[in-house]
Amino acid sequence: GAALEASLRTTLETFYGHTEFRPGQLEVIAAAIAGQDTCVYWSTGSGKSLCYQLPALHTGKMTVVVSPLISLMQDQVRGAWLPPWGGPSRSHRQFE
């Protein structure tokens, strides 16, 4: 309700210095605080991190986050070594 929203905005401003949530953040954070399992599939830079950080800061409870970040980083590193056609590049062969 309105009281929770106002309280969350206070937490947001206290910890992050922002007065407004990005679209969708308030709903996700409120659901998490209500004890609902939440899952967010948003693009990089859309504000996912706040959705799992703010509930923990607001409630003082632990938050568990499952993230494919390591897999993403491995894919990016692998992609940096391989040319667009997928074969080894010359620089890659030099390190073998």
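Modeller: What follows is a run of questions about labels, each answered with its rule.

Modeller: This is a predicted model, in which local features need pLDDT of at least 70, side-chain atom pairs count only at pLDDT 80 or more, and totals for chains, interfaces and linings use all residues. Residues are numbered from 1 along each chain as its sequence is written, and side-chain values use heavy atoms, with hydrogens and water left out.

Colleague: Why is Gln 25 called buried?

Modeller: Buried means under 20% relative accessible area, exposed over 50%, and partly exposed in between (1.4 Å probe, protein chains only). Gln 25 has 4%, so the label is buried. Gln 25 lies in helix H2. Across the chain, buried residues make up 18% of the 96 residues.

Colleague: Which other residues of H2 are buried, and what covers them?

Modeller: Besides Gln 25, the buried residues of H2 (residues 25-33) are Leu 26, Val 28, Ile 29 and Ala 31. Their cover includes helix H1 (2-16) and helix H3 (48-59). Just after H2, Gly 35 has a positive phi of about 90 degrees.

Colleague: What is Gln 25 in contact with, beyond its neighbours within four places in sequence?

Modeller: Contact means heavy atoms within 4.5 Å. With those neighbours left aside, Gln 25 is in contact with Trp 42, Ser 46, Gly 47, Leu 50 and Cys 51.

Colleague: What makes a set of residues a nonpolar core?

Modeller: The members are buried Ala, Val, Leu, Ile, Met, Phe, Trp, Tyr and Cys residues joined through side-chain atoms within 4.5 Å. The largest such core here has nine residues: Leu 8, Leu 12, Phe 21, Leu 26, Val 28, Ile 29, Leu 50, Cys 51 and Leu 54. H1, H2 and H3 each supply at least two residues of this core. In soluble globular proteins, nonpolar side chains tend to be buried together.

Colleague: Why is Val 40 called partly exposed?

Modeller: Val 40 has a relative accessible area of 23%, which lies between 20% and 50%, so Val 40 is partly exposed. Val 40 is in the loop between H2 and H3. Leaving aside neighbours within four places in sequence, Val 40 is in contact with Val 28 and Lys 48.

Colleague: Which residues lie nearest the centre of the largest pocket?

Modeller: Val 40, Lys 48, Tyr 52, Val 65 and Val 66, out of 32 lining residues. On a 1 Å grid over the protein atoms alone, a pocket is an open set of points where a 1.4 Å probe fits, with protein on both sides within 12 Å along at least five of seven lines; lining residues have an atom within 4 Å of a point. H3 gives the most to the lining, with seven residues.

Note on methods:
Helices (H or I, at least four residues) and strands (E, at least two) are DSSP runs, numbered from the N terminus.
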